[in-house]
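Take a look at the model below. This briefing picks out a few side chains and the partners they meet.

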Amino acid sequence: MSLLDHIKKENDIKKMNMEDMPELAHEIREFLIENISKTGGHLASNLGAVELTIALHRCLDLPKDKIIFDVGHQSYTHKILTGRKDEFYKLRQFGGMSGFPKTSESEADAFNTGHSSTSISAAIGMVEARELRGTDEKICAVIGDGSLTGGMAFEALDQISQLDSSCLVVLNDNEMSISQNVGGLSSALSKIRIGKAYNELKSGVENMLLEIPSVGYKVAKGIKKSKDSIKNLFVPGTIFGDMGITYIGPIDGHDTEKMVEIFSSALKLDRPVIVHIKTKKGKGYKYAERYPEHFHGVGPFNPETGKSVGTKKAPSYTEVFSDKLVDMGKKSDKVVAITAAMSKGTGVKAFQKEFPDRTFDVGIAEQHALTFAAGLAAGGYVPFVAIYSSFLQRGYDQLLHDICLQKLHVVIMIDRSGIVGEDGETHMGIYDTSFLRSVPNLTVIAPRGAKDLEDAMDYALECDGPVAIKYPKGVAYTEMDDRNFKYIMGKAEVINFSSQIGEQKCKTVALLAVGNMVSTAKEVRDKIKDETSYEPELVSVRFINPIDTDRVKDTIKKFDYVAVIEETIKRGSFGEAVAYEIAESDSRCKLLHYCIKSETVQHGSVRKLKELCGLDADSIYKDIMKHLKK
């Protein structure tokens, strides 16, 4: 029986001997590689955090004590150690286990995460709640060095320095290199610094000096200043010390015994402590160690070779954007690119390789990215800011206040718009239509396919003002690439006119499709045309803001049914704009609105989720026919 088989529920790990921990870590890594190779998931980050998670679980009593994983990419070992090993075969699949911490999934998951830089803020809130209640649970936030680049993390650090009660922040650093002598010295000093005798002596001496009339405060302050000056020469992490936070580290993040010793001592202190842990991303799997960026989020792969499983697909929307941006960069030296720590994921990497001086990776800092883009635009350049839809939510104020109110020429390329799939509700891009339509001076375009995306980018470059172009994850639609319909501000593209207008007015329907849903709408149209006597009109909406009100009004007059098909939530959608126009007119036209009726969507394949939302061609066809037959 393997050691892993003894883990049935939280805290079972405490029954094991410390000398068995290296073998347990090895078994967990083998388990993760085997299972993620079948389901896909976040591999490299989880392999790097195995010992770190083991150490925390040996020091904490779950679910009473709380671990908040920043982002949550690294929570797989935590899920295993809380009794969810047998659920990994359905990881990130519909009805299966989430790839992120979920409070609805287990009491041991303290806080839902998916976006970065939130853990310290949540931990402080839990600490203050603990103090108000008068309870004694331990609170720990685990944050990566990448997430620490997010401004929200520093806002939280500013507040945590004011706490006078226990809170552990583990900084999981898998990027910076540390020389052996500094690491050894730092480890030794850290051990002294958190020792009970040292802290009691330090507090006693300071209190005694402060009691001396007139000169005590000055002497205590002078000693502290000298001590800190000497410490700054040898001990890294003084930025935390300067903020008033006890800093410990760097510590080897693959030495479980050392981490248990440090964590146990740090959790006994009545103040916040940051423990700096050095880990290796992809630890224990040579391909993930060599290519950590590729194995950050990976689909099914062959564990023997590390190569992805499946045939080569047609270009994705991200790849179409990437190639077009490089082409535009060659033609205009005013084109610059901005990414927020996602150069590969958003497709900016090719431009970065070709034009390194015109590419800016600002780290996980979406708010800064947008205002930085505004500054570049004010300086005469045309920034293309490539960002995932779910991450753009974090920069709403900067988009509105710094870019759009000033009508600055910034192009926001919104990747992963619509249903994203396996990453679940925190990563869904189903809200962008709703919040973008309310932003003044912003042109919002939803291209129907690959060539249309390229044309939209050309159009955006020539615009005088801010433009957002949104497109989904996955293979780019190319069936209509031979069409050449010129972009005109706010004008929709009629793909197929109906020949039945006037003949069967009460039996006809127009399909108004938004972005990538044009391909689905075409399937619906072809099916209705082939299997009935009706011939629907098909329109690619193209512009979500401003909308083509002339086209919408004309459609309302001519057709008895208008079917709006879009991959977004209902509230604030394009369909709602059409409903408003219908309400304002005296037409008897009825709106059939195919969108996402629920306001959250769980994880699963895009195909499965579209079926559940009624956004697949068969579901739409059946519903439209139900109305036409009345």
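The side chain of Asp 361 reaches the backbone nitrogen of Ala 341 at 2.8 Å. A polar atom of that side chain also lies 3.1 Å from the backbone nitrogen of Gly 363. The model is predicted.

**Around Asp 361**
- Asp 361 sits in strand β7, residues 359-361.
- Asp 361 counts as partly exposed, because its relative accessibility is 38%.
- Leaving aside neighbours within four places in sequence, Asp 361 is in contact with Thr 339, Ala 340 and Ala 341.
- Ser 343 is 18 residues from Asp 361 in sequence, and their C-alpha atoms are 7.2 Å apart.

- The whole structure holds 41 salt bridges.
- Arg 29 and Glu 51 form one of them, with the closest N and O atoms 2.7 Å apart.
- Arg 29 is in helix α1 and Glu 51 is in helix α3, so the pair ties together parts 22 residues apart in sequence.
- Arg 29 counts as buried at 6% relative accessibility, and Glu 51 counts as buried at 7%.
- Arg 525 pairs with Glu 535 in a salt bridge, at 3.2 Å between the closest N and O atoms.
- Arg 525 lies in helix α21, while Glu 535 lies in the loop between α21 and β14.
- Arg 525 is buried at 4% relative accessible area, and Glu 535 is buried at 17%.

**A salt bridge between loops**
- Glu 599 forms a salt bridge with Arg 571, the closest N and O atoms being 3.1 Å apart.
- Glu 599 is in the loop between β17 and α24, and Arg 571 is in the loop between β16 and α23, so the pair ties together parts 28 residues apart in sequence.
- Glu 599 is partly exposed at 38%, whereas Arg 571 is exposed at 56%.

Methods:
Residues are numbered from 1 along each chain as its sequence is written. This is a predicted model: local features need pLDDT of at least 70, side-chain atom pairs count only at pLDDT 80 or more; totals for chains, interfaces and linings use all residues. Side-chain values use heavy atoms; hydrogens and water are left out. Helices (H or I, at least four residues) and strands (E, at least two) are DSSP runs, numbered from the N terminus. Buried means under 20% relative accessible area, exposed over 50%, partly exposed in between (1.4 Å probe, protein chains only). Contact means heavy atoms within 4.5 Å. A polar contact is a pair of N or O atoms within 3.5 Å; within protein, one must be able to donate a hydrogen and the other to accept it, and residues adjacent in sequence count only if both atoms are side-chain atoms. A salt bridge is a side-chain nitrogen of Lys or Arg within 4 Å of a carboxyl oxygen of Asp or Glu.
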